[in-house]
Amino acid sequence: MIDDGTGLLTIGQLARTTGLTVRTIRFWSDEGALPPVARSAGGYRLYDAASVARLELIRTLRELGLGLVDVRRVLAGETTVAQVAAAHVLALDARIRSLKVTRAVLSTVVQRGSGAEEMTLVNRLARLSAAERRRIVEEFVDEVFHGLDTADPVIRERMRNTAADLPEEPTPEQVDAWLELAEMLRDPDFRAQMRKVAEFNAADRGHDTPAGASLWFSRRLVQLGAEARERGIAPGSPQADQVLRELLGDADPATVLDRLRSHATDRVARYRELLAIVKGAGPEAAYREEFAWVVAALETRAGG
């Protein structure tokens, strides 16, 4: 401390006491985080014991990643350390998610053997914000279901809320699936194809049809189709008749066949596979073979 009986410290003495550099302390002081308590006769800044404690707090907050604006707000009592820390936790979580996506993107590039141009596209698409990814999905769903008031609302919402974002720790396969899915959702030809699927769904329902009935039918189809395949029942065999009766009930087989043909195309099946991969379920969760078995069974009975 200076030898004037005041017990005050110069910046140099404060630096030696705390182990910080004079330059750092001067910068924090200039930014208003550590105002001097007095000035010497020569105009030099002076600090007291409370300044030492304040400086230690500033250093701790800075080491935790707080900017000087937040530091000043904490020191001024405008906010608490806990509140600022909570905000920084959210920011760090976002940064960690971004880094995980970046890691998955780089792994995808390695696996693909991508060149510079494709790497740029892969990175741009994969790093879209969650809001941007959701916008792509919502625009797709809105176009597919526009004006179809009798379409199953459960199906519409499931499509709207599916695959809008990558998992927190995406695998390269999930990043790759999302990239292919994003391109597919933007493709006018695929949108037209899915519009046809939605029109079949809307035409197959009335306003009094319970919501979710289409989903129930799909689950029943998958269950019965899987059981038939496990039992080795061929689509054209007499045993398949009973399976179809359990599935269709009183429904018109020709109408159901038309609708399922729209669901069983390669691109629609690939769409379901990509959704399953992004969700971490794997492509087998798209049930391509189960849909194909039922379509084949119906086609046999319809004469092709």
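**Figure 1. Phe140 and Phe190, a buried aromatic pair.** Phe140 is buried, and Phe190 is buried too. The model shown here and in the other views is predicted. The rings of Phe140 and Phe190 are stacked. Phe140 belongs to helix H7 (residues 130–145) and Phe190 to helix H10 (residues 188–203), so the pair ties together parts that lie 50 residues apart in sequence.

Figure 2. Tyr271 is buried, as is Phe140. Phe140, Phe190 and Tyr271 form one aromatic cluster.

**Figure 3. Two arginines placed over phenylalanine rings.** The charged end of Arg259 sits over the ring of Phe217, at 5.0 Å from the ring centre. Arg272 places its charged end over the ring of Phe291. In that case the distance to the ring centre is 4.3 Å.

Figure 4. Leu260 is found in helix H13 (residues 253–263). Its relative accessibility is 1%, so Leu260 counts as buried. Leaving aside residues up to four places away in sequence, Leu260 touches Phe217, Leu221, Phe291, Val294, Val295 and Leu298. One of these contacts, Phe291, is 31 residues from Leu260 in sequence. In space, the C-alpha atoms of Leu260 and Phe291 are 7.6 Å apart.

Figure 5. Helix H2 spans residues 22–30, and its residues Ile25, Trp28 and Ser29 are buried. These three cover an arc of only 100 degrees around the axis, which puts them on the same side of H2. The buried residues of H2 pack against helix H1 (11–18), strand S3 (45–47), helix H3 (49–63) and helix H4 (68–75). On the face turned away from the buried side, H2 carries the exposed residues Arg23 and Asp30.

**Figure 6. The three-stranded open sheet.** Three strands make up an open sheet in the order S1-S3-S2, with antiparallel pairing. Strand S1 (9–10) and strand S2 (38–39) stand at the edges. Each has a single partner strand, so one side of each is left without a neighbour in the sheet. Two bridges join S1 and S3 in the antiparallel sense. Leu9 stands opposite Tyr47 of S3.

**Figure 7. The whole chain, for orientation.** The protein chain contains 15 helices and three strands. It has 304 residues, of which 39% count as buried. Consider the contacts between residues at least 6 apart in sequence: 65% of them join residues at least 24 apart. The chain exposes about 16600 Å². Carbon and sulfur atoms supply 52% of that area.

Methods: Residues numbered from 1 in each chain as written. Predicted model: local features only at pLDDT ≥ 70, side-chain atom pairs only at ≥ 80, totals over all residues. Heavy atoms only, no water. Buried < 20%, exposed > 50% of the residue type's maximum accessible area, 1.4 Å probe, protein only. Helix = DSSP H or I, 4+ residues; strand = E, 2+ residues; numbered from the N terminus. Arc of directions from axis to C-beta. Contact = heavy atoms within 4.5 Å. Phe/Tyr/Trp six-rings, centres within 6.5 Å; stacked < 30°, edge-to-face > 60°. Lys NZ or Arg CZ within 6 Å of the ring centre and 35° of its normal. Pairing = 2+ DSSP bridges. Areas by Shrake-Rupley, 256 points an atom, 1.4 Å probe, with all protein chains shown as cover.
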